Amino acid sequence: MRRISSINSGILLVTEEEQVEFANQGFRDIFGLDNTPPDLAGLSASEMRDRIKNSKKGSLHPDEYLNRIREILDRGEPVKNEEIHTLDGRLFLRDFVPVHIQGMLHGRLWIYVDITEKQRAEQERERVLAEIEAILQAIPDAVYFGTLQGITRCNASALTMYGVSSVEAFQQHIGALGAKFRVRYSEHGDDLVELENRPFVRALNGEVTQLDCWTTNVSTGKSILMRSQAAPVRLREQIIGAVAINVDLTDRYRLQEQMQSFVYMVSHDLRAPLSIILGYVYLLHGLLAEGNYEQVQPGIDAIELGTRRMNTMIDDLVEVARLEGGQLQMTLQPATLSEYLPTYLTRNAGILRLDRIHVEAPATLSPVLVDDARLERILINLLSNAQKYSAPETPIYVQAVQTGMEVTLSVCDQGKGIHHDDLPHLFERFYRARGARQADSIGLGLYITKLLVEAHGGRIWVESEPGTGSTFYFTLPVIEGMQ
């Protein structure tokens, strides 16, 4: 019994006659019996209950304790790892074991093990793990962890990046460990690279590595340029796995492509009219020196045209910067399109071929709020394109139709139409369609038109078939209460 007395756990032996035969110091501590006389042996169950009730140390509720003891005694079966909560917040595991001596039931042994600190440590562990998981899920880049046996965890960004719904699907997509991993070093290439060359597997061997390569989103089929960085994870100097972070560089790559294309287009397109201007300047010098004044005027006209083209390109660049920077100041006023459109055409007769343009705008149309200068820019862009990309003898139709709370305007030509591959990109910045629709600009006209329509609260789209012409549509909201 001396060794049992020194055990920190609570030990209580109760005889078949329900008298305490032995209680160690651990039991006294649990039930707050440190200040009671040491003669617990020989106490009856009711006397033990009274002492527990009179204890000044928070512990198990005595009535609940005794009721539970009575229930267990009546059943007579062993009890393992029953959780017991004390009034002062401690947690114990209780075992109940019948004790037999020479084949006869002698009594019951109660064992109480304090697991409070263990529970607190487990709660702290769960809290830390929850924080780590929250941080992991909040990272916008793809993060995953694994061992030689496979990927064991990845965040939501990894699933989104690769277009999969589970860790298993993620591993299957990026390549099973021990097999070949399909890595593309160019956007449209399809070269196989051994898995051992991947940063993740090399990290399992203790290296910190990085690789830029192309992969594919399973759901969308789109190519993704990613930078894969991986490092070993060590515990007590032993490598237990590897963690990898895959950063999506696709948008940055596309932006660099756009910027390179933009620089090329701007330099090329601005040089073209500038070359014409310089050429005619040299020509005019010669004509004036020779006194040949009759041929001066065509040169002046060419210089003026080149200057206008350069000015238009510069205006487009400034307009885009203003629109994208949120610096556009809109002055909205009510307008009735049945009256606005004829007036607009009249004041732009010097730019547009009015004999080709046919307008249908019923007087029953509800008023819309428009910025006159911006709506004029929208119509100029669409109508000048319709003139440019259709034969001079063909008509251009402008129609306004009201549906509910918006008016839809359409500009329809009978030109060669737009290639199907160009339609999804037609309103993108710096995009210029192939073939006959190559513009004498830097590919900002329709992009600016889209931004101006959206600034009015409308939408814009196009329908076209090669060989049958094109129709551009855009909407303007009706003034509320005036439909």
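Colleague: Hi! Which residues are linked in a network of salt bridges?

Modeller: E124, R127 and E131 are linked that way. A salt bridge here is a side-chain nitrogen of Lys or Arg within 4 Å of a carboxyl oxygen of Asp or Glu. Keep in mind that this is a predicted model, where local features need pLDDT of at least 70, side-chain atom pairs count only at pLDDT 80 or more, and totals for chains, interfaces and linings use all residues. Residues are numbered from 1 along each chain as its sequence is written, and side-chain values use heavy atoms, leaving out hydrogens and water.

Colleague: Thanks! How far apart are the closest N and O atoms of E124 and R127?

Modeller: They are 2.5 Å apart. Both residues sit in helix α5, 3 residues apart, or about one turn of the helix. Helices (H or I, at least four residues) and strands (E, at least two) are DSSP runs, numbered from the N terminus.

Colleague: How many salt bridges does the structure hold?

Modeller: There are 14. One of them joins the side chains of R459 and E406, at 2.6 Å from N to O. R459 lies in the loop between α13 (445-455) and β18 (460-465) and E406 in strand β17 (residues 406-412), so the pair ties together parts that are 53 residues apart in sequence.

Colleague: What about R227 and D212?

Modeller: Their side chains also meet in a salt bridge, at 2.8 Å from N to O. R227 is in strand β11 (residues 223-235) and D212 in strand β10 (residues 209-216), 15 residues apart.

Colleague: New topic: how many cavities of 30 Å³ or more does a search of the whole structure find?

Modeller: It finds 1. On a 1 Å grid over the protein atoms alone, a cavity is a set of points where a 1.4 Å probe fits but cannot get out, and lining residues have an atom within 4 Å of a point. The volume is the space filled by probe spheres set on the points, which are joined across faces, edges and corners.

Colleague: Which residues line the largest cavity?

Modeller: L341, Y344, L345, V359, L379, L383 and V398. Helix α11 gives the most to that lining, with 3 residues.

Definitions and conventions. 1 Å grid on protein atoms, 1.4 Å probe; cavity = no way out; pocket = protein on both sides within 12 Å on 5 of 7 lines; lining within 4 Å.
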